Amino acid sequence: MSILQSRRQFLVTAAAAAAVGGLSTLVPASARRALAASQAPTRLVVERRTLEVLGKPASVFGIRQPDGTHGLFLDPGQRFLVDLDNRTGEDTAIHWHGMTPPYVQDGVADANRPLVKAGTTQAYDFEARPGTHWMHSHHGLQEQLLMAAPLVVRSAGDLRADMQEVTVLLHDFTFKDPAEILAKLTGGSGMAHGGHAGHTMAMPGMSGTQEGHGTAASGGVPMDLNDVEYDAYLANDRTLDDPQLVRVERGGRVRLRLINGATSTAFHLDLGRLDGTVVGADGNPVTPVTGRRFGMAMGQRLDILVQLPAEGGAFPVLAQREGDRQRTGIILATPGAAVPKVGSLADAAAGPVDLSLEERLAALEPMAARSADASFTMMLTGTMAPYAWSIDDRPYGQHRPLQVSKGQRVAVEMVNASDMAHPMHLHGHVFQVVGLNGVPVTGAIRDTVLVPANGSVTVTFDADNPGRWPLHCHNLLHMATGMMTEIVYDRVA
Ligand SMILES: [Cu+2]
């Protein structure tokens, strides 16, 4: 079995890790920058930290560089060259969401890929994909405790644009133990009635039960929007009681790099008085789409350009939870601008995040036209009560992996036979959205796409990166109860 063929040793011993730690703290920042120019590895420390939320301390995780930078920001041509130092005191696996690394470096543990053990350092080295991405735990429920950070790879075009960049990582936050939340939902054994804390949006004309493998309903259907009542929603770790204030220039242009890192919450981005232009979806360029409100499911990213008016002012960039009034955000403010207080409750509840943005998105550089060599249809299945999610009625572990061959163009139709939307994420590849509710489109290139309740989405990808690749719902609680399968290439264990 080949565990990471890197030019460096993959598994570094704890002793060596300690030595690396010593070096980094002794090297001054200027020297570190010089090292970076020749691409020394960036050390990312996964650790516990205390975060104050709504005036109360909470013990959460973080992924930071020794200088305090959350996550990783790379310039064009730089490799993903990272030493991941696990100081959490527990085992972990950090997934590089949006990267397409060799299989063993993807940051998921399975039979071929070990966990990053507590107290050890693991090295990664692969070609970085440009765009707005992120990193997060792919082990247990650690992601719910903010084990996540931005992963931004600037393109040459980004540098030429010479535009202020503002990266915003969104989260849903709870003071509770995530395991307790999941246990309450599943009723402990997974058999009891689900503790449904969220909202059900009854659409007019709804019929009764869903008969398993239905196709998109034409009339109204019941729709579950939120499984969990969170204590707060965070933008760069802060609530609107004390939001991040980002200094911007009058008349300046800003590239917002927005990341929905929430485990179980889809948001409507709300630019208020600013017109925004979406130029990237999941880090991949799209033909520009303008607007002021854009939906964003878990795992997804949007790059949005905004032009600030010449007279300046303060401009909240908000994210409102679907089906709710709760919101979070940051505030862009020009020098001297009066910054208004923005409440954490919007005037009115937002509707569900749907495909209205997806329908308008088109890849700037679409995949080469080609018919599919292999086609699959899968049903997204499960219910709130019992709280159990699956694919083709099979939870992960009993799943039937999708077998493909290297070189194939693969089409996957995902038909949502449940009453919740599921943001489906494929590891190791990007895909193009080619069908929305049965209508062919030449859509965005993405790695995470929302499949609405009782809707369907078809994606295609080129099988060019052999391995066993998870394809799963990015609602952490859905994945935890089994909504995951694998795409498997022949000739890989
Ligand atoms: Cu789901």
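## The copper site

Along the chain, the donors of the copper ion follow the spacing H-x50-C-x4-H. Keep in mind as you look around that this is a predicted model. The residues behind that pattern are His422, Cys473 and His478, which coordinate the copper ion at 2.0 to 2.1 Å. The two histidines each use ND1, while the cysteine uses SG.

Where do histidine 422 and cysteine 473 lie? Histidine 422 is in strand β27 (residues 422-426) and cysteine 473 is in strand β33 (residues 468-473), so this pair ties together parts that are 51 residues apart in sequence.

Are these two buried or exposed? Histidine 422 counts as buried because its relative accessibility is 0%, and the cut-off for buried is under 20%. Cysteine 473 is also at 0%, so cysteine 473 counts as buried too.

## A visit to threonine 448

Now over to strand β31 (residues 448-451), where you'll find threonine 448. With a relative accessibility of 0%, threonine 448 counts as buried.

| Side chain of | Polar contact with side chain of | Distance |
|---|---|---|
| Threonine 448 | Histidine 97 | 3.1 Å |
| Threonine 448 | Aspartate 447 | 2.7 Å |

Which residues does threonine 448 touch, leaving out those up to four places away in sequence? They are His97, Asp282, Met298, Gly299, Gln300, Arg301, Pro423, Met424, His425 and Phe431.

Notes:
Residues numbered from 1 in each chain as written. Predicted model: local features only at pLDDT ≥ 70, side-chain atom pairs only at ≥ 80, totals over all residues. Heavy atoms only, no water. Helix = DSSP H or I, 4+ residues; strand = E, 2+ residues; numbered from the N terminus. Buried < 20%, exposed > 50% of the residue type's maximum accessible area, 1.4 Å probe, protein only. Polar contact = N/O pair within 3.5 Å; in protein donor to acceptor, adjacent residues only side chain to side chain. Contact = heavy atoms within 4.5 Å. Donors = N, O, S within 2.8 Å, 3.2 Å for Na, K, Ca; no water.
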